[in-house]
Amino acid sequence: MDDSELLDLLGDVESDRVERKASLSDRDKVRQAICAFANDLPDYREPGVVFIGANDDGTCAGLPITDELLKNLADMREHLQPFPAMTVRKHVLDGCELAVILVEPSDAPPVRYSGRTWIRVGPRRAIATVEEERRLAEKRRAGDLPFDIRPVAAARLDDLDLDLFVRDYLPSALAPQVLTANERSIEHQLAALRFADGDGTPTVLGVLVVGTDPRRFIPGSYVQFLRIDGTELSDPIKDQKEIGGPLPQLLRILEEVIQVHISVAADITSGPTEIRRADYPIVALQQLARNAIMHRIYEATNAPVRITWFNDRIEIQSPGGPFGQVNTANFGQPGVTDYRNPHLADAMRNLGYVQRFGVGIPLARSEMAKNGNAPPEFTVNETYVLVTSRRRS
């Protein structure tokens, strides 16, 4: 959008594609405006514009447009879910310095700010009704796709670690003869494996598996690890970590952390031969942690997977309840499984973290029993799944 178009919109007080703010004193209202334009309920399919430094009548407010102001405006998108595509630039229009935010209509509405869906109703903002939310959901251009392969509109190919993709993921996902004969460009390879769409925009899958900074686009895509010296959250903390990064790095570091915290004791009560037993079997904890990462909900939440390690138990909490044919009544039953993130599950299998689908919980139960631990306990509701593993006596 060039300066002449912006100048026309600045002076058009009747347009519902424009908001004007004299200053940044009320940041909530600016975020609400960005949210409303991203939702594009009237279906204009054109950017909405927020002018910072302009009065309601379009006249100049004389606000100094500094680099700090522009940075604060650019950071505002991180308060919205999913991230809207927007640009922030300084413009001088008719002698007036302005910060101009261009907000593109979202490919995946509804966009929410603080849990609320803001829309434009004529010249004003409003919170969407249930019916309006339904209309927004139906507008999803990629609505027939699972969330894990929807494009992340704000991401670019530069946000993917292409070396990691070529070095680690391609050899695990494709047969050697296919790699040898592969003459396609990196963009085509990414698209073929659903790491990017046909336009070269990275997908959620691409960002999670080989993204340079997955949390920039999917804030909850990490594991919060907390080791408590006691049996209550109020007891002293022995260790805490936020484990993130692309999926191969996240899983590798997580399993190293789990291994370090497992204690092994000698058992000489069964005879002359010393038997060394761990307080938890590593395989069981691996399966339960991988399940939490694979089956969690990544959409519309900033919550991480949480692993809280007490002296007598380990609690692993995964955001999002059961999905598809799995419900609170049949959760964990053999043969009953479904996949909220089917392509992420496939990527984890390609990377060697899943050998066979549908056996994670049975394998964890079996390993716990062999090690002398009680069976894992599951608390399942609509918003999260919590598994509690008791320490071996």
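In this predicted model, the exposed residues D8 and G11 lie on the face of helix α1 that is turned away from its buried side. Helix α1 spans residues 3-11, and its buried residues are L6, L9 and L10. These three residues are on the same side of α1 because they cover an arc of only 105 degrees around the axis. An α-helix has 3.6 residues a turn, so residues three or four places apart point the same way.

The largest nonpolar core comprises 59 residues, and F195, V209 and I293 have the most contacts inside it. Helix α11, formed by residues 282-295, gives the most to this core, contributing 7 residues. When neighbours within four places in sequence are left aside, I293 is in contact with V223, L247, L250, L251, L254, Y298, V305 and L344.

Residue N330 was examined individually. N330 is located in the loop that runs between strand β14 (313-319) and helix α12 (342-350). Its relative accessible area is 14%, and N330 is therefore classed as buried, the cut-off being under 20%. With residues up to four places away in sequence not counted, N330 touches Q325 and V336.

Notes. Residues numbered from 1 in each chain as written. Predicted model: local features only at pLDDT ≥ 70, side-chain atom pairs only at ≥ 80, totals over all residues. Heavy atoms only, no water. Helix = DSSP H or I, 4+ residues; strand = E, 2+ residues; numbered from the N terminus. Buried < 20%, exposed > 50% of the residue type's maximum accessible area, 1.4 Å probe, protein only. Contact = heavy atoms within 4.5 Å. Core = buried A, V, L, I, M, F, W, Y, C linked by side-chain atoms within 4.5 Å. Arc of directions from axis to C-beta.
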